[in-house]
Amino acid sequence: MKNRPSLSLSYLQRVGALLFLALFVGACEGGLPGSESTGSSDSLKLGVLLPATGDLASVAQPMIDSIPLAIETINSCGGVNGQSVGLVTEDDQTDPNAGNNAMTKLTEVDKVGGVVGSFASSVSQAAVDVARRNKVMMVSPGSTSPEFTKRAQNGDFDGYWARTAPPDTYQARALAKLASEKGLKRVATIVINNDYGVGFEQEFIKAFKALGGTVVNEAKPTRYDPKATTFDTETKAAFSGQPDAVVAVLYADTGSILLKTAYQQGLTEGVQIMLTDGVKSDEFAEQVGKTTEGKYIIEGAIGTVPGADGKALEAFSKLWQEKKGGGVPAYAPQAWDATMLLALAAEAGKSNSGEAIAANIREVAGGSGTEVTDVCEGLKLLRDGETINYQGASGNVDIDENGDVLGVYDIWEVQSDGKLNIVDQVLPDA
């Protein structure tokens with residue numbers, strides 16, 4: 001997301017415009033960096049920690065948009081514990097330091113009970129320790145690094161961490177399976193040098209080799225600095241050795257420059273580009289640009305992204321079409337489900353505290369209670385003393401002891417018009 005252009009208004013006009021905007025945003029249509037909509041002082045307050053700016057802004061926007069829809073739905077049927085749910089939104093800027101600071105504000109100043117976020121695994125790694133220290137439940141709709149599973153197994157989170165998107169342990173296996181099914185034997189990898197990129201790289205190499213494939217740069221993997229602006233050396237390293245394909249685990253802003261650089265160096269001809277969820281947005285092909293013949297540089301590239309096949313997907317898709325228009329984007333169902341789980345867990349615990357949410361979230365996500373897809377039905381049953389098993393839009397969201405869920409993966413392909421169309425699904429091998 002680029003910086004907003006300056007307004008040609010006088011100082012007083014600018015102040016007036018900002019005051020109008022603050023009034024217009026309203027209770028559930030916040031969605032702006034730093035926006036706040038709170039109920040009464042003792043009502044449930046949820047935080048949002050997602051990148052409205054930075055390297056992942058274009059991919060994260062549907063997540064940011066889906067959360068106020070969830071809050072509006074919850075509040076339409078009575079809210080949680082008898083009161084409307086408030087929302088405080090912070091922009092983590094796709095930056096771990098900014099994410100740490102924003103989480104500190106959400107937990108220590110705003111006193112939220114739960115947080116939806118973040119997207120970048122590196123940001124969530126920085127923020128989750130703040131959440132745990134302050135006993136605030138954090139549910140990420142998109143941080144997929146396997147490192148969270150390892151940390152949970154080591155007891156680092158005390159139950160204050162979960163995610164509604166499956167870890168890259170599974171996505172890497174799904175992408176390796178897709179490469180093998182495409183007949184690709186020799187591939188190279190190039191990844192962003194952070195928890196997400198390196199974790200994905202390591203899992204992919206393991207899975208692809210198990211399927212009989214060769215990773216030509218395994219001994220010297222190609223990783224790029226998240227803050228880099230030029231990629232001549234990295235692209236030459238990844239595309240040398242005549243691989244059948246290059247598996248590129250990128251973020252959108254830096255990744256678009258990297259792929260354009262590879263094309264300008266004449267390295268992409270005859271090489272299958274394989275991508276992942278970090279660049280899955282309709283703007284990505286345009287970001288990378290076109291060839292001298294006017295075709296999109298990454299036309300024909302294929303990739304994977306956590307899919308959605310939950311029992312609540314149809315209803316969510318209808319709501320999204322009504323409110324936003326078009327089909328449901330990647331990760332919007334996961335953000336919707338994360339919000340619903342936090343609200344349901346607070347109702348189940350009869351308390352808006354982070355401790356109550358953490359103690360009840362796994363039970364409402366995958367317990368032995370009545371299966372529900374409608375949050376209003378779930379809240380009513382909980383108020384009546386019943387137990388529930390929430391079936392989400394993204395999937396069944398059965399959160400395990402490590403905070404993980406399983407899922408399916410959509411296969412997407414860049415079309416001649418630059419659109420990223422879902423063409424199939426793939427299940428990772430166990």
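**Notebook: a helix pair, a strand, a loop residue**

I began with helix α12 (residues 332–349) and helix α14 (residues 375–383), whose axes come within 9 Å and cross at roughly 15°. Here axes are lines fitted to C-alpha atoms, for helices over the stretch in contact, and angles run from 0 to 180 degrees between N-to-C directions. That angle makes α12 roughly parallel to α14 (under 35 degrees counts as roughly parallel, over 145 as roughly antiparallel, 65 to 115 as roughly perpendicular, the rest as oblique). I noted the crossing as right-handed, meaning that the near helix is turned clockwise from the far one by less than a right angle.

Next I listed the contact (heavy atoms within 4.5 Å). From α12 come Met 340, Ala 343, Leu 344, Glu 347 and Ala 348. From α14 come Val 375, Gly 378, Leu 379, Leu 382 and Arg 383. I sorted these residues into 7 nonpolar, 1 polar and 2 charged. In this sorting Ala, Val, Leu, Ile, Met, Phe, Trp, Tyr, Cys and Pro count as nonpolar, Asp, Glu, Lys and Arg as charged, and the others, Gly among them, as polar.

The model is predicted: local features need pLDDT of at least 70, side-chain atom pairs count only at pLDDT 80 or more, and totals for chains, interfaces and linings use all residues. Residues are numbered from 1 along each chain as its sequence is written, and side-chain values use heavy atoms, with hydrogens and water left out.

I moved on to strand β7 (residues 186–192). Helices (H or I, at least four residues) and strands (E, at least two) are DSSP runs, numbered from the N terminus. In β7, 6 of the 7 residues are buried, so the strand is largely enclosed by the rest of the structure. Buried means under 20% relative accessible area, exposed over 50%, partly exposed in between (1.4 Å probe, protein chains only).

I then checked its partners; two strands pair if DSSP finds at least two bridges between them.

- β7 pairs with β8 (residues 214–215) in the parallel sense over 2 bridges, and Val 187 stands opposite Val 215.
- β7 pairs with β10 (residues 245–249) in the parallel sense over 5 bridges, and Thr 189 stands opposite Val 247.
- β7 and β9 (residues 222–224) run parallel, joined by 3 bridges, and Val 191 stands opposite Arg 223.

Last, I looked up Leu 56. I found this residue in the loop between β2 (45–50) and α2 (57–76). Leu 56 is buried, with a relative accessible area of 2%. Leaving aside neighbours within four places in sequence, Leu 56 is in contact with Pro 51, Thr 94, Phe 119, Ala 120, Tyr 251 and Gly 278.
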